[in-house]
Amino acid sequence: MDAELERKLRELVDRHEIHQVMLRYGRGLDRLDFDLARSCYWDDAIEDHGNYVGYPDDFIAWADGTT
């Protein structure tokens, strides 16, 4: 496989994997499945949503309380 085709294929796979995480995150919040939503974060992630800045575990609970 030539390098350009391999680069394009890698980009498509990366985009697909990112999309899957976004779907999992949305489903987790929508279904109040906090473990599923939390699985979308790195352990050292920081959420910054203007009204909330902090760790994902706390954000998920905060987001649940805003509905």
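Predicted model: local features only at pLDDT ≥ 70, side-chain atom pairs only at ≥ 80, totals over all residues.

Residues are numbered from 1 along each chain as its sequence is written, and side-chain values use heavy atoms, without hydrogens and water.

The protein chain has an average pLDDT (the predictor's confidence in each residue, from 0 to 100) of 90, and 97% of the residues score at least 70. Among the elements, which are DSSP runs (helices H or I, at least four residues; strands E, at least two) numbered from the N terminus, H1 has the highest mean pLDDT (96) and helix H3 (residues 56-65) the lowest (81).

Relative accessible area (1.4 Å probe, protein chains only) defines the classes: buried is under 20%, exposed over 50%, partly exposed in between.

| Residue | Relative accessibility | Class |
|---|---|---|
| Methionine 1 | 68% | exposed |
| Arginine 38 | 18% | buried |
| Phenylalanine 59 | 5% | buried |
| Tryptophan 62 | 34% | partly exposed |

Methionine 1 lies in the segment before helix H1 (3-30). Arginine 38 belongs to helix H2 (residues 34-38). Neighbours within four places in sequence aside, arginine 38 is in contact (heavy atoms within 4.5 Å) with Asp43, Pro56, Asp57 and Ile60.

The whole structure holds four aromatic pairs. Rings of Phe, Tyr and Trp (its six-membered ring) pair if their centres lie within 6.5 Å; planes under 30 degrees apart count as stacked, over 60 as edge-to-face and the rest as tilted. Phenylalanine 59 and tryptophan 62 form a tilted pair, because their ring centres are 5.8 Å apart and their planes at 35 degrees. Ring pairs join Tyr52, Phe59 and Trp62 in a cluster.
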